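Subject: A structure for you to look at

Hi there,

Here is the structure I promised to pass on to you. Have a look at it first, and then read on for what I found in it.

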Amino acid sequence: MIISPADLTPLVTTGAITEEDLATCVAEAEQGTQDLGLVLVKKYGIKSDQLGETVAQAHGYKFKPAKDIAIDPAVLNLIPEIAAKSYKMVAFELDTAKNILRVMTPDPENESAINTLQKKTAYI
């Protein structure tokens with residue numbers, strides 16, 4: 001998922017950064033090889049969980065800090081390692097009653113990753 005400046009408006013609204021700081025980060029991200037989120041974390045000390053929650057809310061997703069998730073090794077191994085690394089996703093919960101595998105990923109809108117996950121695991 002590409003983070004847009006509009007996704008980050010709540011950081012300005014809450015005073016975590018100024019509009020000028022955000023504009024500076026956008027310019028740096030456009031000129032360099034780092035994405036906007038990484039620039040915010042490194043340059044302005046925005047916590048990765050705060051960034052994750054802000055972006056998730058902007059896109060209508062639930063956010064749960066990784067440190068708060070207990071991962072069952074059997075569930076973790078449902079995604080083949082090569083797919084997990086390629087798409088940067090980690091399985092953390094399986095709801096067999098609903099046939100749903102919950103994953104952590106930086107890009108929940110990646111259709112290729114979703115399709116691969118469904119083919120490899122038979123879960124949605």
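Predicted model: local features only at pLDDT ≥ 70, side-chain atom pairs only at ≥ 80, totals over all residues.

Residues are numbered from 1 along each chain as its sequence is written, and side-chain values use heavy atoms, with hydrogens and water left out.

Back to Q118. This residue is found in helix α7; helices (H or I, at least four residues) and strands (E, at least two) are DSSP runs, numbered from the N terminus. Q118 is partly exposed, with a relative accessible area of 33%. Here, buried means under 20% relative accessible area, exposed means over 50%, and partly exposed is in between (1.4 Å probe, protein chains only). The C-alpha atoms of Q118 and L101 are separated by 9.1 Å, and the two residues are 17 apart along the chain.

Now compare T116, which lies in α7 too (residues 111-121). Is T116 buried or exposed? T116 counts as buried because its relative accessible area is 18%. Leaving aside neighbours within four places in sequence, T116 is in contact with A83 and Y87.

The buried residues of α7 are A113, T116, L117 and T121. Seen down the helix axis, they fall within an arc of 105°, so they line one face of α7; the arc is that of the directions from the helix axis to the C-beta atoms. This may remind you of a rule from class: an α-helix has 3.6 residues a turn, so residues three or four places apart point the same way. What do the buried residues of α7 pack against? Their partners are α6 (81-87) and β2 (100-104). The face turned away from the buried side of α7 carries the exposed residues E111 and K119.

Both ends of α7 are worth a look. N110 caps the N-terminal end, with a side-chain oxygen 3.0 Å from the backbone nitrogen of S112. Just after the helix, A122 takes a positive phi of about 70°.

Next, the strands. β1 (residues 90-95) and β2 run antiparallel and are joined by 5 bridges; two strands pair if DSSP finds at least two bridges between them.

How many salt bridges does the structure hold? There are 4, a salt bridge being a side-chain nitrogen of Lys or Arg within 4 Å of a carboxyl oxygen of Asp or Glu.

- K43 and E28 meet at 2.4 Å, N to O. K43 lies in helix α3 (residues 36-44) and E28 in helix α2 (residues 19-31), so this pair ties together parts that are 15 residues apart in sequence. K43 is partly exposed at 44% relative accessibility, and E28 is partly exposed at 31%.
- R102 and E93 meet at 2.7 Å, N to O. R102 is partly exposed at 30%, and E93 is partly exposed at 35%.
- K67 and D68 meet at 3.5 Å, N to O. K67 is exposed at 66%, whereas D68 is partly exposed at 48%.

The largest nonpolar core has 14 residues, and L8, I17, L36 and L40 have the most contacts inside it. A nonpolar core is a set of buried Ala, Val, Leu, Ile, Met, Phe, Trp, Tyr and Cys residues joined through side-chain atoms within 4.5 Å. Helices α1 (9-13), α2, α3 and α4 (48-58) each supply at least two residues of this core, and α2 gives the most, with 4 residues. Not counting residues up to four places away in sequence, L36 touches I3, S4, P5, L8, C25, V26 and A29. Apart from this core lies another, of 10 residues, among them A83, A84, L101 and L117.

Enjoy exploring!

Best wishes

Methods:
Contact = heavy atoms within 4.5 Å. Polar contact = N/O pair within 3.5 Å; in protein donor to acceptor, adjacent residues only side chain to side chain.
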